Amino acid sequence: MRKLLLATTALIALSAAPASADVVLGGQLWTTSTATNITLSSTVPPGNQVKNLPCLICGATQPQQPTGFGYDNFGNTGNQTDLKFFSSGVVDDKTLGSDTLSATNYSAGFLINFLQNLGDLNLTFSVGLDVNDTNVAQTLASFYFLDVTTHTVLSAFTTDTLIPDQNNGTGFPDYTLNGLSLAGVNPGDQLAFFARITGANDGPDSFFLIATPTVAAVPEASTWAMMLLGFAGISFMAMRKRGERLRLV
């Protein structure tokens, strides 16, 4: 009986214990306990991304990056079963894989300033994905936003999802990864992005930084109505008091 109780207690303790909060990327262990979820949407910004937005991970066919953005020259000849890559702040970085973690990654301060200059005061942003395939859908296996300094996953997408090409042409977006943020990140930290695509079968796929400009809240119609009634009431009271003063005189 005592052994049974001990075994039951052990099972309860195991079921109550938190799940592993780590993931291995590039041969390194990363903490995921505070990571937020990234969602994938087929809603995309209009136009050609390479002409308007900096590339976080992009192929050799993309034009020159804005100052400070690198990783604009990786190649993919297709037919790669499991393609993994980290972003890097090194311009024209031609390497793939975990070795880019030892290179110069993006500083949080650099990305924060970039977003703020575009009016993104909340520091929330998305990542546009341009897919190129041979009419055979590839799979987005994962996408991570990483704090290299603290070895922490800030945001993660980890659901194997088919991503068929929807908009023909290099640089034209097919999907958007939503839910990323720099709010609360130490400006001095080094940051990186990690992507994994399986079944790659055509030219290089690309990931673009999309700012979310902060828009001032516009009062709803009911709010405007309440404001107008309030102004009318104040004006009526002022006129009434003025009339009373005139009668006293």
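This is a predicted model: local features need pLDDT of at least 70, side-chain atom pairs count only at pLDDT 80 or more; totals for chains, interfaces and linings use all residues.
View 1. Strands here are DSSP runs of E with at least two residues, helices are runs of H or I with at least four residues, and both are numbered from the N terminus. Strands of a sheet pair through backbone hydrogen bonds, either parallel or antiparallel.

**View 2. The open sheet of five strands.** The strand order is β4-β12-β8-β14-β5, with antiparallel pairing. At the edges lie β4 (39-41) and β5 (55-57), each of which pairs on one side only. Neighbouring strands of this sheet are turned against each other by 30° on average, direction ignored, the axes being lines fitted to C-alpha atoms and angles running from 0 to 180 degrees between N-to-C directions.

**View 3. The disulfide between Cys55 and Cys58.** The structure holds one disulfide, a term that denotes a pair of cysteine sulfur atoms within 2.5 Å. Cys55 and Cys58 form this bond with their sulfur atoms 2.3 Å apart, and both Cys55 and Cys58 are buried, that is, under 20% relative accessible area, as against over 50% for exposed and in between for partly exposed (1.4 Å probe, protein chains only).

**View 4. The surroundings of Asn132.** Asn132 is placed in the loop between β8 and β9 (138-147), and it counts as buried because its relative accessibility is 10%. Beyond its neighbours within four places in sequence, Asn132 is in contact with several residues, among them Gln138, Asp165, Thr170, Asn201 and Pro204, contact meaning heavy atoms within 4.5 Å. Asn132 and Pro204 are 72 residues apart in sequence, yet their C-alpha atoms lie 6.7 Å apart in space.

**View 5. Confidence along the chain.** The average pLDDT, the predictor's confidence in each residue from 0 to 100, is 80 for the protein, and 75% of the residues score at least 70. Confidence is lowest in helix α1 (residues 2-16), at a mean of 36, and highest in strand β10 (residues 152-157), at 98. Over residues 1-19 pLDDT stays under 50, and the model has zero contacts beyond four places in sequence for this stretch.

**Notes.** Residues are numbered from 1 along each chain as its sequence is written, and side-chain values use heavy atoms, with hydrogens and water left out. Local features need pLDDT of at least 70 and side-chain atom pairs count only at pLDDT 80 or more, whereas totals for chains, interfaces and linings use all residues.

Methods:
Two strands pair if DSSP finds at least two bridges between them.
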